[in-house]
Amino acid sequence: MAANFWTSSHFKQLLDPEEVDVVHQQDKDKGITLEEFKLIKMHMANYIMKLAQNVKVRQRVVATAVTYMRRVYTRRSMSEYDPRLVAPTCLYLASKAEESTVQARLLVFYIKKLSSDEKYRYEIKDILEMEMKILEALNYYLVVFHPYRTLSPLLQDAGMNDMTCIYIASVYREKDITTWFEELRVDMNVVKNISMEILDFYENKMIADERISTAFLKLALKP
């Protein structure tokens, strides 16, 4: 794996937002809208975090799992790859990739504990079978760079050692660091767009159950 993100295969495979949020035809045929597609991904990211808290893995594993899930749905439909199985399987795969392995039986125990629907209380064999499908969908490409190591010195340089997202934190604390961003030569439009996605994610952590249920009911329909 390359030591520098900018020269890595991860960077070379980055997709534009309009390429990431694309509803596959099989899902469209079932009536899934772009809003519902995004909603399901946010909901399942929250589920991954909740599951990770129970099996006690590092935040890095969670971030990798969510990345895997998002990569999968740029290539496969939700009709083919049920999010309710993909999400925990991505966590299982990420735990191995990040050398923080979670035993499959422990993961299955908490899947069953968190699920109110018997249909989605998966067994170990379900996780292992989906793991192979996800690996194939990802072309066995598991490299994920995270910003944690880079973020620390940047925060110190910006004089914001106690916050985690520089731009959002600067707005929240009414601290003008425009000049600092200019020195970094970053595209502020990109920064602002990413900030909006982060805020949307946190705003949608309390997603109405009926909206999620409706979206999942559509996925369960035969085209």
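Student: Why does W6 count as exposed?
Tutor: W6 has a relative accessibility of 58%. Buried means under 20% relative accessible area, exposed means over 50%, and partly exposed lies in between (1.4 Å probe, protein chains only). The value of 58% is over 50%, so W6 is exposed. The model is predicted, with local features needing pLDDT of at least 70 and side-chain atom pairs counting only at pLDDT 80 or more, while totals for chains, interfaces and linings use all residues. Residues are numbered from 1 along each chain as its sequence is written, and side-chain values use heavy atoms, with hydrogens and water left out.

Student: What makes W6, F11 and L14 a nonpolar patch?
Tutor: A patch consists of residues with over 30% relative accessible area and no salt bridge; like charges are joined within 9 Å, and nonpolar side chains (Val, Leu, Ile, Met, Phe, Trp, Tyr) within 5 Å. W6, F11 and L14 form such a patch on the surface, with about 340 Å² of accessible area together. Areas of this kind come from the Shrake-Rupley method with a 1.4 Å probe, and for residues only the protein chains shown count as cover. W6 itself belongs to the segment before α1 (9-12).

Student: How many helices and strands does the protein chain have?
Tutor: The chain contains 13 helices and zero strands. Helices (H or I, at least four residues) and strands (E, at least two) are DSSP runs, numbered from the N terminus. Of its 223 residues, 42% count as buried.

Student: Is K41 buried or exposed, and how do you know?
Tutor: K41 is buried, because its relative accessibility is 4%. This residue lies in helix α4 (residues 34-55).

Student: What makes the approach of K41 and D21 a polar contact?
Tutor: The term requires a pair of N or O atoms within 3.5 Å; within protein, one must be able to donate a hydrogen and the other to accept it, and residues adjacent in sequence count only if both atoms are side-chain atoms. The side chains of K41 and D21 are joined at 2.9 Å, so the distance falls within the limit of 3.5 Å.

Student: Why is the pair R211 and E35 called a salt bridge?
Tutor: A salt bridge is a side-chain nitrogen of Lys or Arg within 4 Å of a carboxyl oxygen of Asp or Glu. The closest N and O atoms of R211 and E35 are 2.8 Å apart, so the pair meets the criterion. R211 lies in helix α13 (residues 209-220) and E35 in helix α4, which means that the bridge ties together parts 176 residues apart in sequence. R211 is partly exposed at 36% relative accessibility, whereas E35 is exposed at 53%. The structure holds nine salt bridges.

Student: What do K112 and E123 tie together?
Tutor: K112 and E123 form a salt bridge whose closest N and O atoms are 3.0 Å apart. K112 lies in helix α7 (residues 104-114) and E123 in the loop between α7 and α8 (124-137), so the pair ties together parts that are eleven residues apart in sequence. Both residues are partly exposed, K112 with 30% and E123 with 37%.

Student: How do you know that K125 and D126 form a salt bridge?
Tutor: Their closest N and O atoms are 3.4 Å apart. K125 counts as exposed at 52%, while D126 is buried at 18%.

Student: What makes F109 and Y110 an edge-to-face pair?
Tutor: Rings of Phe, Tyr and Trp (its six-membered ring) pair if their centres lie within 6.5 Å; planes under 30 degrees apart count as stacked, over 60 as edge-to-face and the rest as tilted. By this rule there are two aromatic pairs. One of them joins F109 and Y110, at 5.0 Å centre to centre and 85° between the planes. The pair is edge-to-face because 85° is over 60. F109 is partly exposed at 48%, and Y110 is buried at 17%.

Student: How do you know that R84 lies over the face of F216?
Tutor: A charge sits over a ring if NZ of Lys or CZ of Arg is within 6 Å of the ring centre and within 35 degrees of the ring normal. R84 is 4.0 Å from the ring centre of F216.

Student: What is the phi of E99?
Tutor: Phi of E99 is near 55°, a positive value in a residue other than glycine. E99 lies in the loop between α6 (83-97) and α7, and counts as exposed at 74%.
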